[in-house]
4 protein chains.
Amino acid sequence: MDFAPSARSAELTARVRTFMADEITPVEGEVHRDIARRRESGEDRWTPPPILSDLKARARAAGLWNLFLPKEHAGRYAADFGTDGGEGLTNIEYAPIAEAMGSSMLAPLVFNCNAPDTGNMEVLLRYGSEPQREQWLEPLLRGEIRSAFCMTEPDVASSDATNMAATAIPDGDDVIINGTKWFSTGVGNPECKILIFMGVTDATADRHARHTMVLVPIDTPGVTVDRMLTTMGYFDEPLGHGEVSFDDVRVPASNVLLGPGRAFEIAQGRLGPGRVHHCMRAIGLAERALELGVRRSLERTAFGRPLAKLGGNSERIADARIAINRSRLLVLHAAWLLDQGRAEGISAEAVSAVSEIKVEVPNMALDVIDLAIQLHGGAGLTDDFPLAASWVGARALRLADGPDEVHRGVVARIELGKYRG
Amino acid sequence: MDFAPSARSAELTARVRTFMADEITPVEGEVHRDIARRRESGEDRWTPPPILSDLKARARAAGLWNLFLPKEHAGRYAADFGTDGGEGLTNIEYAPIAEAMGSSMLAPLVFNCNAPDTGNMEVLLRYGSEPQREQWLEPLLRGEIRSAFCMTEPDVASSDATNMAATAIPDGDDVIINGTKWFSTGVGNPECKILIFMGVTDATADRHARHTMVLVPIDTPGVTVDRMLTTMGYFDEPLGHGEVSFDDVRVPASNVLLGPGRAFEIAQGRLGPGRVHHCMRAIGLAERALELGVRRSLERTAFGRPLAKLGGNSERIADARIAINRSRLLVLHAAWLLDQGRAEGISAEAVSAVSEIKVEVPNMALDVIDLAIQLHGGAGLTDDFPLAASWVGARALRLADGPDEVHRGVVARIELGKYRG
Amino acid sequence: MDFAPSARSAELTARVRTFMADEITPVEGEVHRDIARRRESGEDRWTPPPILSDLKARARAAGLWNLFLPKEHAGRYAADFGTDGGEGLTNIEYAPIAEAMGSSMLAPLVFNCNAPDTGNMEVLLRYGSEPQREQWLEPLLRGEIRSAFCMTEPDVASSDATNMAATAIPDGDDVIINGTKWFSTGVGNPECKILIFMGVTDATADRHARHTMVLVPIDTPGVTVDRMLTTMGYFDEPLGHGEVSFDDVRVPASNVLLGPGRAFEIAQGRLGPGRVHHCMRAIGLAERALELGVRRSLERTAFGRPLAKLGGNSERIADARIAINRSRLLVLHAAWLLDQGRAEGISAEAVSAVSEIKVEVPNMALDVIDLAIQLHGGAGLTDDFPLAASWVGARALRLADGPDEVHRGVVARIELGKYRG
Amino acid sequence: MDFAPSARSAELTARVRTFMADEITPVEGEVHRDIARRRESGEDRWTPPPILSDLKARARAAGLWNLFLPKEHAGRYAADFGTDGGEGLTNIEYAPIAEAMGSSMLAPLVFNCNAPDTGNMEVLLRYGSEPQREQWLEPLLRGEIRSAFCMTEPDVASSDATNMAATAIPDGDDVIINGTKWFSTGVGNPECKILIFMGVTDATADRHARHTMVLVPIDTPGVTVDRMLTTMGYFDEPLGHGEVSFDDVRVPASNVLLGPGRAFEIAQGRLGPGRVHHCMRAIGLAERALELGVRRSLERTAFGRPLAKLGGNSERIADARIAINRSRLLVLHAAWLLDQGRAEGISAEAVSAVSEIKVEVPNMALDVIDLAIQLHGGAGLTDDFPLAASWVGARALRLADGPDEVHRGVVARIELGKYRG
């Protein structure tokens, strides 16, 4: 057993951290204030600020680009798009990099490693046809366009994917799409050009063979972004979460991914590494929150002592340190299990591990960020610090990609299965 | 021991609930959407919507007006401004009414019972001179103007009030005011005309005799609302929380409340009932959240069963019911203790009780609302339901009027005091 | 609403507290050490120590005897057996007395108010025939004999009473009893003379009409106490929890309570007040634990400060105070609801309230006692303090009279029922 | 990063598990019942049952003996006493073995790997003189005698070691020892022959140079085991926890370990690996509890479904799985950090890690075991299952080797230190 990262992982993590400290952290406040100002004045605040394009160009030039590309699927893209040496990283190698990026809301965008684009690129990489890759994957990898994933629906409990009501019905050489999706992250951004839509094709098929994923260009007639949603009071510009209606949308059958009825197969493959990324980023968030909280507790004084010395504050800081450390190890272990499974498919242990982190990490992050907010007093609730927005991001993560309850169900099923006759 | 409310309390509670169901609930969504639309389009969204004035007029006509007026201080105002029969309510009588109002963000405004105006009116009632009352209390009681309370400061840990840096220095017949305050709730609203400012007058005086409260009309030269703050993305229009700077602001000495150096005396009197009101409203919030959560859990189905029947949901609903009930009783008991203390001053038991509810209730409400959010899935985070805004309101309450940690300190000090030699 | 106890309740509570301070507390340690010594040396430790008989006589002489007797059922026994003035107490009047007694493991025995005898006496009072009362209730009320309740079984999940396998089958003028029961509290004590047995009479009857309660003298042939059980190492002498087998035990049909198939009816009536008693006693336990913990935290010093001033200790003490206070109010409210229901039967609100306290209070007590143990260091785990035994008593209460999960189920069912179509 | 154990660690873990399944598990119940029977009948129950000697001989013959011996200190003893190949194991290699052993209360004794003997042997190994090793270490390694560690005192808060009142005063060629110690684990056992005593030598010296450790044969005049203590209701035979008084006990100065005033130095070296062992064993306990709980939840039925399917049980089982997994990784990481520090001393990160696991693991184990108890109903509190005793063992671990609060203090100090100027 060895807890030291590989040399390559350590080196890339260090370079990402340096880039962030030198290039991203100094402008972060400015970017957020600019968006806030635009929102206040009723201006467009969805177009990313120009500084973001500059940062992306610099990150790409520095070879800190598309680092999420998975070793086993990166193929020819690894060499072309960013990662040095011509191959992608394993999950366990990428994990500490994701943590580093996660400490900033801006960084994942800068490094072309933000959700949902990473997951969508991975889908195209693994399951896309050659023409699909050329048309959509390559500009995504170059950071020229953005994408969204249209799965969750407002009118059903989407924690049970079989509840899905939207449809993708073959019609000659086309597929006709109808329904309403929401929490489609990224559709606020004018750079968002392509949607991965999931809908029912054959409601009479086996439970996991009913659904199809289809590539839908956002400018296809019948596609409407009805509104942008808030989470708590945030719109999360410049990506945003949209409600999108599909009204007799017609795309060529060649836009289907993998084949009709194979959406669950794709979803399974997409979600493991994606959840590891989400969770490692959430650990980065929690680390940054703890740092801010500790600094504040040392700087501010009440009743003649720094906050850190008052009441239970130091014990809560200790608990936060423990919580972050144990969560990080759980995610790293899950990443490692996913890596082990490359050849023979994913083990039950890895499936459980991915659900375990999906429950553990967002809840841990919420507790740590909440502590940091409390240590900041009222300031912690404002946008003078990234804490409030971080908390909301972590809260959303308890629902995104399956709510806690569904993941606890997966873990329990596997645990009970060990002892069932 | 008798847990039945007085006939008068029961009757007023019932009338408030009926008024809310008939008049407020039907328009609530519209009001929020109108403010959201104005915010989106960059229009002024701080001027209250006209419907609010109508509702206020109707509430006043119905005798459901200024019900917060405390029996022991209401005096001549009780008969004039709303409460029938010519006297105010005790804390224990008002508590269930506050709970009823608290289930809606709009209702306290409609009934002229919203913070911080209630607290400010109570200060003027108890400590204001006759001219101060005429000038400010009466229009406040009529609902013609709004007020704010300027105490917390951005640059110090305001949980320790003695950290306060802003000053109120006598200068001949005037008082000169300097400093920066924030989380001054209500200053966004153009109807806000008067501020109660608290600052240091004599830093060398005894710890609790240094500070003075002064009435400062918001249009006094030198008063600037620098910016409106967000709490987790929300601006809480039409009241809002502002950062307000005071730059050599000069007001007549007759604007001082009670006398120089007597701010702590006023603050103590102001806070007990105010915290009971806050907490009862938070219980109303929690009850509404639980109702929404339970309804959703019965309506939505996953894996073939209503959410209410899945996993731990029903147990969590039971825990929420228990948590609300025990918190409510704790607040009612605190209200009763405050009522007992009217003659001989407030007992240590009552002081502890008020701090106990200030810790207990917001945390309870957060748990219950969070459960309701989780039961709603992503929808719970949007403004399609009042849950996200409610959660943020309850979160702010863990900091407003003293953070949890300060109140735990009060409770502990009194508990330890029982056994100290 | 009025939180002051009735004069009678206040006066009896004060007298019970005085009696305990004067007579019971001074000898408690000695009693426990005597039992421990007898256990160590292999002597009989089930016969109550003689001091207990003396204390009982004195309590009876002082009129502090059988105070649990419920107002609505006490009838002629109230005047004869202890409560002055000729009538029993309401639940809300008795509750503070139960709390007072609960702070000592010995006191309920001294005042003839210990479980399960109180519940058994109440059953006989409400449902016993005149001969049954004469034979068993009267010596119980005089404190001459003890009783046990034989319901839970080792071989089934007894949280679902319909799982019960033991049988009570009519045979001519007799009833024949078979099966094994355990956690029959009191059977270790040689003074235990009578068992209330519950078994299946007609497995084909309606779910709640299958079971019968029968009075079984412990010396009936076929009744064997197979062993005494430990709970976390404790035997709880001199009562103890036994496993009891019934092997073709034959008793006259006149020993049946109320009638064949009516056991559920009796169980329902027995459990409401019994749970209030249990919970109030547990609050007494928690109060005593908190007092011990606070005293210790003030007496012991580490790192130059009393424990009370270190880290989160004072905040935890504050949380314990809050937790006890809110739990007590919840129980008092439940007691009051039970009293309201005397005429027209028990309301759904009261049923929920009783289950709410059954979940809330033992868990609260465990937390508070655990804190007190921690403040005592290793000493808290020994029998030098009553904390370890108190913790185990409270832990058992999370299972006795229905586990938490069953009671949460009751609360949830009633809560969901409010919104079901 | 690699989470796979070394081949040697994996192989030894497997052999230990097999030995336990084949030899220990089958007789465990019998051993406990035998001790219980002896206790009930007043017989000596401190002499280990003969089966224990047999098992030890078999374990030793199987090469599963003294596996705790640390690689860097095992030296010549590694080859002689058990571990094959002539060298000890690293912490990370031994950790999974300790987990395996920890699932049984008996196993650590069988493998000569139980606390406090392992810690004491390690002290002798690292700090003992050659004659001290010959006289005490070698028979300990052979399992012929047992030892105890006398540090904690009943009259002071021993969480602050500088509170210690017992003394070890040089007097010519001797050292004279006075004072009272308690929670000296192992002194109940007649095989316990040697005590490591810690006391104050020079109260005026620097805070960490006042104390001395001395080897005191238990039969030295003036040493008295005053009584055996219970934890909850358990005596933990055949080791037990004793209160030991030292009354002018005189031993030769050559019995001093390392030198006068050097006790803290020794304590530091002793505790890191010891805490890793404790925590890994606690993880073994938790795993066994979860297995028992899950099995019970599948076997027992209520309301027509297995317990596993009722209410929140499956979610709680999932949470337990998550909690165990994350705790295990935290301990393994701490073990690895200790291994990294072998050359250059222990890093602050490792010091923090050891305190982190000392807080995390016992609390986690308590939660998991408590769940398992709840799933067993009343049976979980009896000694029909190892759960009650396991819970008590884990509870004691929140106090032994430093209470949670002290370890949180260590973690907080290191965390705050990162940001202090």
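## Chain A against chain D

Chain A puts 36 residues in contact with 36 residues of chain D, two residues being in contact if their C-beta atoms, placed from the backbone, lie within 7 Å. This is a predicted model, in which local features need pLDDT of at least 70 and side-chain atom pairs count only at pLDDT 80 or more, while totals for chains, interfaces and linings use all residues. Residues are numbered from 1 along each chain as its sequence is written, and chains are lettered from A and ligands numbered from 1 in the order in which they are written.

On the side of chain A that touches chain D, at least two residues each come from helix H9 (263-299), helix H10 (313-340), helix H11 (348-376) and helix H13 (404-417) of chain A. Helices (H or I, at least four residues) and strands (E, at least two) are DSSP runs, numbered from the N terminus. H10(A) gives the largest share of this side, 15 residues. By class, the side of chain A that touches chain D holds 20 nonpolar, five polar and 11 charged residues. Here Ala, Val, Leu, Ile, Met, Phe, Trp, Tyr, Cys and Pro count as nonpolar, Asp, Glu, Lys and Arg as charged, and the others, Gly among them, as polar.

Copies are superposed by least squares on the C-alpha atoms of residues with pLDDT of at least 70 in both. The same surface serves both copies, since 100% of the contact residues of chain A recur in chain D.

## Chain B against chain C

The contact between these chains takes 36 residues from chain B and 36 residues from chain C. On the chain B side, helix H9 (263-299), helix H10 (313-340), helix H11 (348-376) and helix H13 (404-417) of chain B are the elements that give two or more residues. H10(B) supplies 15 residues, the largest share of the side of chain B that touches chain C. The residues of that side divide into 20 nonpolar, five polar and 11 charged.

Chain B is laid on chain C by a turn of 180° and a shift of 0.0 Å along the axis, with an RMSD of 0.0 Å. That is the relation of a two-fold axis. The same surface serves both copies, and 100% of the contact residues of chain B recur in chain C.

## Fold and domains of chain A

Chain A has 13 helices and nine strands. Along its principal axes, the C-alpha trace of chain A spans about 75 × 65 × 45 Å.

Of the 421 residues in chain A, 61% are buried. A residue is buried if 20 or more other C-beta atoms lie within 10 Å of its own, exposed if 12 or fewer, and partly exposed in between, with C-beta atoms placed from the backbone. Among contacts in chain A with a separation of 6 or more, 71% join residues 24 or more positions apart.

The domain assignment of chain A gives domain 1 (7-144), domain 2 (147-255) and domain 3 (263-417), with bounds from an automatic or database domain assignment. The centres of domain 2 and domain 3 of chain A, taken over C-alpha atoms, are separated by 28 Å. Nine residues from domain 2 of chain A and nine residues from domain 3 of chain A form the contact. Strand E5 (residues 211-217) of chain A provides three residues, the largest share of the domain 2 side. That side of domain 2 of chain A has four nonpolar, five polar and no charged residues.

## Covered elements of chain B

Nine of the 11 residues of helix H7 (residues 117-127) of chain B are buried, so H7(B) is largely enclosed by the rest of the structure. The buried residues of H7(B) include Asp117(B), Asn120(B), Glu122(B) and Leu125(B).

Strand E5 (residues 211-217) of chain B is mostly covered, with six of its seven residues buried. Strand E4 (residues 192-200) of chain B pairs with E5(B) in the antiparallel sense over seven bridges; two strands pair if DSSP finds at least two bridges between them. Ile196(B) stands opposite Leu215(B) in E5(B).

## Asn114 of chain D

Asn114(D) lies in the loop between helix H6 (107-110) and helix H7 (117-127) of chain D. Asn114(D) counts as buried because it has 22 C-beta neighbours inside 10 Å. Leaving aside neighbours within four places in sequence, Asn114(D) is in contact with Pro108(D) and Leu109(D). The C-alpha atoms of Asn114(D) and Gly102(D), 12 residues apart along the chain, are separated by 9.4 Å.
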